[in-house]
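Hello,

Here is the structure I promised to pass on. Please open it first, then read my notes below.

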Amino acid sequence: MASSAPAPAPAEPLRRNRILSSKLYLEVPASKAPVVYSPAYDIAFLGIEKLHPFDSSKWGRICKFLTKEGYLAKCRVVEPLEASKEDLLVVHSEAYLSSLKSSFRVASIVEVPPVALVPNWLVQRKLLYPFRKQVGGSILSAKLALERGWAINVGGGFHHCSAEEGGGFCAYADISLCIQFAFVRLNISRVLIIDLDAHQGNGHEKDFANDGRVYTLDMYNAGIYPFDHVAKRYIDQKVELVSGTKTDEYLEQLDKALEVSKSRFQPQLIVYNAGTDILDGDPLGRLRISPDGVVTRDEKVFRFARDQNIPLLMLTSGGYMKSSARVIADSIINLSNKNLIQLGSQLG
């Protein structure tokens, strides 16, 4: 049996060839908005998805709100391709991808123990395929952001997954993949990750540990999962919050952090991990941010990018209450009303 030691990351020429031969960078017509979503994002899995607090239909519900209220015609949404094995190998090792052929391993990553008892072909189809579609969406969003100035993947943000290790409902490292593709296909060399999910983004932090091309601003509750002290060393700018932090203090800390980041690093692309598990009442995030506070947070980050003319892509990431979808939709509507993004309406 082969050694279980982690395989080395793919050699650069091989990684580059995989990126250049990928089909994920679709040509998107101007008639579409840079909003990426597929009905395949949503997870319906014999009711097992209800055993995790994550609302696994939130992605579709966000789009339904936007469509129903006339902000985004269905025909303007961009559907991504599924990330193939070759695409995933740009960051992940063969050994890690093979480990996902064990339902037991996937069950521990998504934190739903009964998944261990489900045949793996079903786990692949009902759980990992939706994740791979979202990864395709995150990768495509970087291209759209460079072309249009902004993009939103109504999904993705699997920030606990690194090249060799999944966890915290994150099976694929979409943020690391998205950035590696951008380095090669978009010819950029400076990326800022603004991670405002309630949890520390330990996956991308480990993947870019010694890569000066990536600057990480991570503002998170230090008193909750993942407690990854190794990854913490690789955060360029960390803002550690305590459980119970309220809206005003949170937004004040964000303003200061963005100012510091502006003085330290001049990116060509911003990857914004916009988790809504900071909401008051979220069972895992344990912060006390109001729905209006989340809307203001997102507006501040989009303004920060626009004021410096930096393309930005947003990923929806964590958010463990049914109310998250409504708050995200309201935030996107606010960005549109403030002319920070241009959705085009059903009437347009």
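Strand E3, helix H8 (residues 202–207) and strand E4 form a right-handed β-α-β unit. Right-handed means that, with the strands pointing away from the viewer, the path from the first strand over the helix to the second runs clockwise. Helices (H or I, at least four residues) and strands (E, at least two) are DSSP runs, numbered from the N terminus.

A word on the source: this is a predicted model, where local features need pLDDT of at least 70, side-chain atom pairs count only at pLDDT 80 or more, and totals for chains, interfaces and linings use all residues. Residues are numbered from 1 along each chain as its sequence is written, and side-chain values use heavy atoms, leaving out hydrogens and water.

Now the pairing. Two strands pair if DSSP finds at least two bridges between them. E3 runs parallel to E4 (residues 214–221), with five bridges. Ile193 has Thr216 of E4 as its bridge partner. E3 also runs parallel to E6 (residues 269–273), again with five bridges. There, Asp195 is partnered by Asn273.

Is E3 buried or exposed? Five of the five residues of E3 (residues 191–195) are buried, so the rest of the structure largely encloses this strand. Buried means under 20% relative accessible area (1.4 Å probe, protein chains only). In a regular strand, side chains alternate between the two faces of the sheet. Val191, Ile193 and Asp195 are buried on one side of E3, Leu192 and Ile194 on the other.

Finally, the whole chain. It has twelve helices and seven strands. Of its 348 residues, 59% count as buried.

Best wishes

Definitions and conventions:
Buried means under 20% relative accessible area, exposed over 50%, partly exposed in between (1.4 Å probe, protein chains only).
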